Every structure is written in C-alpha cells, then in structure tokens.
Amino acid sequence: MGFKNGFKSLKRWIYLETILGISVFVFLLSSVIYFPGGTLLYLAVAAVLAVFAFLTIKKVHHLVGESEITDSPDDDEYEKLFCKYVRRLINWILIAFLYVFVFLMTIVSLGINSKSSELLETFNGSLFAFEIVAFFLIKNILIIRWLLSIHEYSRKSYIYKIIKRIIIGSAVYWVVAIGIFYAFEYVFVLNIYTFLTGVFTVGIVILNLTVIRKMSYNRKKYSLIFLTVVFIFAVVAGGYTFLSRDIWLTQPYINSIPNIYDSKCTISYDDDSGIYTITKQDGDFKILQLTDIHLGGGVLSYDKDMKALEAVYELLDRTRPDFVIVTGDLVFPVGYASFSFNNTAPVQQFAAFMRNLGIPWAFTYGNHDTESYAATPDDELDLLYKWLSWKTSKTLMYPYVQPDITGRNNQLIELRNSDGSLNQALFLIDSNAYTGAGLNKYDYIHDDQVEWYKENVLREEKEAGHIVPSMVFFHIPLQEYKEAYELYESGSSDVKYYFGSNDEKMIEKVCCSDHPSKLFDTAKELGSTTGFFCGHDHYNNMSLEYEGMRLTYGMSIDYLAMPGIARDTKQRGATLITVHNDSSSDIEQVPLEK
C-alpha cells in the first residue's frame with residue numbers, strides 16, 4: 001500500500017474510531033445521570049455504538065500492522081509529519097487542561113454560591129465542548145502511535161520529555177490556581193477567573209513561540225500561522241467578552257431622577273395565579289404605552305441611551321401616568337450599534353430608572369430582548385426580571401408564576417374600580433421573536449397563547465357576570481394590522497382612521513409574521529377586547545379601527561437600532577390610554593416634540 005493512500009485511509013478510520021469511542025462514553029455517562037428514567041435507552045444505544053467501535057478498532061489495528069508500504073518518504077518527511085502531529089497533540093493537551101479547570105472553577109463557584117441545582121445543568125452544557133476536545137486529543141494520539149509503529153524517530157525521547165514536563169507543569173499550575181480561585185471567591189468574594197485563564201493562555205502562546213516552535217522544520221511559516229490563529233482567537237474571544245460586560249455609563253443620570261409618582265392606586269399580587277391587581281381610585285386611570293426603547297448599554301450607545309432615557313423621562317413627567325406598559329425591545333444587544341451584547345445591564349438600568357421615578361410598569365418581550373447572540377439567554381433573563389420585580393422594587397410588575405404556554409411573560413393584569421369591580425383586563429402576550437426560517441422571519445402569537453387568553457376572558461366574564469372590557473399588548477403586529485393598513489391605503493370604508501401615519505422604511509410597511517395568529521378572530525368572537533397595542537415598526541404609529549377592533553401602533557423611542565433614526569422626530573413619543581370609571585377609554589398620541 002502506498003504511504004499517502006495508507007495514511008489517508010488510516011486517518012478516516014481513526015476519526016470514526018474516536019467519534020464512536022467518545023459517543024459510547026457519553027451515552028454510558030448519560031445512563032448514570034438520567035437514572036432510572038433514561039438508563040435502559042442510553043445503555044442500549046451505547047451497546048450498539050460499542051459494537052461498531054469494536055469493529056472499527058479491529059480495522060485500525062489491521063492498518064497499523066500493515067507492513068507493505070511502498071513509496072516510503074525519506075527520513076526528513078517522516079520527522080516533519082511526526083513533529084506536526086506532536087505539536088498538535090501538545091496544544092490539545094494544553095487546551096484540555098484549560099477546559100477541564102475552567103469547568104472546575106465554575107463548579108467551585110456554583111458550590112460556594114449555593115447553586116448546587118445548577119451543577120447538572122452546567123455539566124450537561126459542557127459535554128459538547130468535552131467531546132470536541134477529547135476528539136482532537138485522542139485522534140492525534142492514535143495517529144502518532146501509528147507513525148511510531150512504522151518509523152524510528154530521532155527525537156522521540158526528547159519530545160516525550162517535553163510532553164511530560166508540560167503535563168506536570170500544567171497540572172501544578174491549575175492545582176495552585178484552583179486554590180487561589182477558591183480563596184478569592186470564598187474569602188474576598190472576588191472572581192479572578194479571567195485573570196487565571198489569561199495567564200495560562202499567555203503561557204500557551206509563549207510555549208508555542210519557544211519550546212514547541214523548535215519542533216518545526218519551517219519555523220517561520222509555523223510561527224506566522226500560529227500567531228495569526230492566536231490573534232484571531234484573541235480578537236473574537238476578547239471582543240465578545242468586552243461586548244458582553246456590564247457597562248453603567250448612564251448610572252449618574254439615573255441616580256439623579258426624582259420620584260414623580262403621585263397616584264393613589266393600590267397594587268397586589270396573587271402568588272398562586274401570578275395575577276397583579278391594580279385598584280384605582282375614583283376618576284380616570286392613565287396607562288402610558290412605551291415601545292422600542294432600545295437601550296444598548298454599551299460604549300458606543302451611551303449618547304443614544306441618554307437621549308432615550310431623557311425622552312422617556314420627559315414623556316412620563318408630562319403625562320404623569322398611573323401605569324406604564326413597554327411593548328417590547330426594551331434593549332438592543334447588537335454589537336454593531338451598541339458595542340455590546342449585554343442584555344442585562346440595560347435592563348437593570350431601566351429598572352433602576354423606573355424605581356427612582358416610582359411608577360409601576362410592566363412589559364412584553366420583543367424580538368431583540370433575547371437575541372440568540374446576546375450574553376444572557378431567556379431563562380437567566382427571566383430570573384433577573386424576577387429578582388427586579390415587585391417584591392424587590394415595588395415598581396416592576398413581572399409575574400413570579402407564569403402560564404405553561406409558548407412564550408415568555410404572558411400575563412394578565414386586572415384593573416379594578418375602588419369598589420372592587422373589574423374595570424379592565426390587561427393582557428400582555430409574548431409575540432415571540434423569530435421562527436428560525438431565515439433573517440427577520442418573525443414569529444407570532446401561538447394557538448396555546450390564544451387559548452390561554454380565551455380561558456381568562458371567559459373566567460373574568462363569569463366572575464363579573466358580564467363581559468369585562470380588555471386590552472391586549474404585544475410587540476410584533478398581527479397580520480390584521482397589515483390588512484387594515486392596505487384597506488386604508490386603498491380608501492376603503494371598512495376601516496376607520498384615528499391618528500398617526502405608517503412611514504416604516506423597510507420593504508414592508510407592516511412587518512408582521514408570515515404565520516397567521518388566531519388572536520384577532522378569537523377576540524372578535526369573544527367581544528371583550530376593545531383594542532390591540534403593539535410596537536416593532538419604529539416609524540409606524542397609526543391607529544385604525546378594523547372589524548370593530550382598534551389596532552394601535554405605539555410611538556417608538558428608538559435612537560439606536562434604525563440607521564439615521566436618531567435624527568428623525570416625527571415618530572418619537574408615547575401613547576396615552578385613559579380608562580374611565582365606566583370602562584370606556586380614550587387613546588391619544590403624546591409626541592415627544594411639543
């Protein structure tokens with residue numbers, strides 16, 4: 001067999017052997033982790049994979065023992081090939097140490113901070129990275145073993161000595177590092193994770209430029225390639241780390257905000273149902289809808305974040321609402337605009353801003369609040385909002401208990417008169433984010449969410465003995481917004497115009513989902529809901545009545561997300577909903593520009 005063909009064939013079989021071996025280990029481990037529920041299934045899969053692994057190992061052993069090799073390369077070529085895979089092996093040994101001890105530091109931190117419930121979740125989340133590291137480590141070992149079986153390398157003992165020293169040195173460093181990490185985390189409550197991993201990473205670079213570089217026959221080329229890879233990795237990893245950190249540049253302004261809340265309403269929360277109840281005094285009750293505030297929380301977005309907060313303050317000070325509802329896209333963790341992927345810092349800043357003002361508020365999620373590349377995923381953001389909610393702040397009305405349906409933060413808020421009678425049911429429904437079918441393929445309000453809405457409308461009706469008026473707030477407009485606008489544009493008498501204009505600069509004037517939602521038809525059938533309120537399209541603020549339903553776009557705040565929008569003024573403001581004692585309501589725009 002020719003050397004090149006034999007080597008290519010061997011590598012393919014080694015890759016398969018390695019993948020199968022790692023898979024067997026993972027499924028065996030899963031059978032223990034998910035005992036007893038998934039044990040039999042995982043054991044069965046592991047057994048099947050083990051058979052294939054055994055057959056593959058036999059094939060690899062046959063190739064390793066293949067003695068008839070023609071067109072053998074000269075000694076220099078053998079040495080180059082050997083050194084190439086040795087360098088790779090050493091670097092993957094170093095990466096394995098880095099990965100294992102970073103995982104251990106995470107476990108130590110969780111243990112210290114009494115988050116033992118998260119240990120299994122952390123372990124499961126690390127399995128994929130473990131499989132990648134293990135694959136490259138094992139396959140390089142197997143390839144080196146084959147090379148050693150067909151050729152005697154002059155520097156074999158020297159290289160073994162280097163590998164041994166690197167393993168011992170790495171182990172000593174990380175044992176000491178874990179001790180230091182524990183001391184700082186436990187005693188000083190200071191996390192030095194970044195410093196310890198940074199020092200080790202610098203050590204990897206130095207080793208590659210000195211000891212490991214000496215193993216290369218073409219050192220100049222090797223150094224250039226390695227430095228390029230390290231530079232790219234450092235830029236990506238360091239850049240993401242920087243863009244994900246908390247930046248509190250607006251905090252001095254937030255600290256200066258006075259309390260302007262003078263409402264006499266009382267608010268209560270039901271721990272069982274997750275429903276907040278606002279009991280108003282006699283007279284009007286004012287709800288201010290804000291939408292698409294788009295706080296970036298980063299270095300580049302500081303001036304625009306300030307403008308957004310100042311705009312919100314002016315609108316709140318002018319209208320003095322009893323309650324504020326933000327219909328999505330409170331934050332904009334998109335690096336190119338805000339220089340930040342952090343979607344928690346701006347949340348905390350706005351929560352502090354509203355807490356200083358003293359005004360109760362609630363919100364629906366928008367498509368940008370939990371972008372897939374944002375630093376904090378949905379579940380962690382949910383926990384953050386619960387920490388910031390009513391029991392802590394007495395302003396944010398975020399439910400601690402939520403219905404088990406599609407979406408995040410689907411909630412009902414009851415507005416009652418001073419005698420306890422139901423005045424309005426305020427539904428905040430998640431229109432979700434993206435369907436996953438492509439760029440800007442927006443999601444919609446799903447059937448189970450509509451069913452939840454229907455059940456609560458009927459329950460409220462049964463309790464009150466009559467139909468209870470309701471309003472629904474969400475982020476992404478329903479398809480009926482588009483239908484109504486197109487009818488309005490055509491001059492149809494089927495729609496009634498109230499105010500505003502749709503000046504969206506995207507291809508579509510109304511950026512709704514391609515998937516129809518049953519919400520509109522269900523609401524029409526029930527006869528409870530008098531109006532829908534959404535955001536999402538920053539230049540749209542039109543209010544139309546269509547088939548007896550009021551469809552209103554909130555005026556947006558955004559200074560950041562849309563190119564050039566910071567200079568535009570016509571679309572910026574809020575929507576004021578004034579609810580009267582008899583459950584009737586008035587809706588009006590509150591432009592920022594007086």
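Colleague: How much accessible area do Val48, Val51, Phe52, Phe54 and Leu55 have together in this predicted model?

Modeller: These five residues form a nonpolar patch on the surface. A patch takes residues with over 30% relative accessible area and no salt bridge, joining nonpolar side chains (Val, Leu, Ile, Met, Phe, Trp, Tyr) within 5 Å and like charges within 9 Å. A salt bridge is a side-chain nitrogen of Lys or Arg within 4 Å of a carboxyl oxygen of Asp or Glu. With areas from the Shrake-Rupley method (1.4 Å probe, only the protein chains shown counting as cover for residues), the patch has about 500 Å².

Colleague: At what pLDDT do side-chain atom pairs count?

Modeller: Residues are numbered from 1 along each chain as its sequence is written, and side-chain values use heavy atoms, with hydrogens and water left out. The model is predicted, so totals for chains, interfaces and linings use all residues, local features need pLDDT of at least 70, and side-chain atom pairs count only at pLDDT 80 or more.

Colleague: Is Phe54 buried or exposed?

Modeller: Phe54 lies in helix α2, residues 39-64. Helices (H or I, at least four residues) and strands (E, at least two) are DSSP runs numbered from the N terminus. Buried means under 20% relative accessible area, exposed over 50%, and partly exposed in between (1.4 Å probe, protein chains only). The relative accessible area of Phe54 is 52%, so the residue is exposed.

Colleague: How many residues of strand β6 are buried?

Modeller: Strand β6 covers residues 411-416. Gln411, Ile413 and Leu415 point one way, while Leu412, Glu414 and Arg416 point the other way, and all are buried. The count for β6 is therefore 6 of 6.

Colleague: Which residue of β7 stands opposite Leu415?

Modeller: Two strands pair if DSSP finds at least two bridges between them. Strand β2 (residues 276-279) pairs with β6 in the parallel sense over 4 bridges, and Tyr276 has Ile413 as its bridge partner. Strand β7 (residues 422-428) pairs with β6 in the antiparallel sense over 6 bridges. In β7, the residue opposite Leu415 is Gln424.

Colleague: Which residue takes a positive phi in the hairpin of β6 and β7?

Modeller: There are 5 residues between the two strands of this hairpin. The residue with a positive phi, near 90 degrees, is Gly420.

Colleague: Which backbone oxygen does the side chain of Asn409 reach?

Modeller: Asn409 lies in the loop between α13 (390-393) and β6, and counts as buried because its relative accessibility is 0%. Leaving out residues up to four places away in sequence, its contacts (heavy atoms within 4.5 Å) include Tyr398, Pro399 and Leu428. A polar contact is a pair of N or O atoms within 3.5 Å; within protein, one must be able to donate a hydrogen and the other to accept it, and residues adjacent in sequence count only if both atoms are side-chain atoms. At 2.6 Å, the side chain of Asn409 reaches the backbone oxygen of Phe363.

Colleague: Why is strand β10 largely enclosed by the rest of the structure?

Modeller: Strand β8 (residues 470-473) runs parallel to β10 and is joined to it by 4 bridges. Strand β12 (residues 549-553) also pairs with β10 in the parallel sense, over 4 bridges. β10 (residues 529-534) is largely enclosed because its buried residues number 5 of 6.
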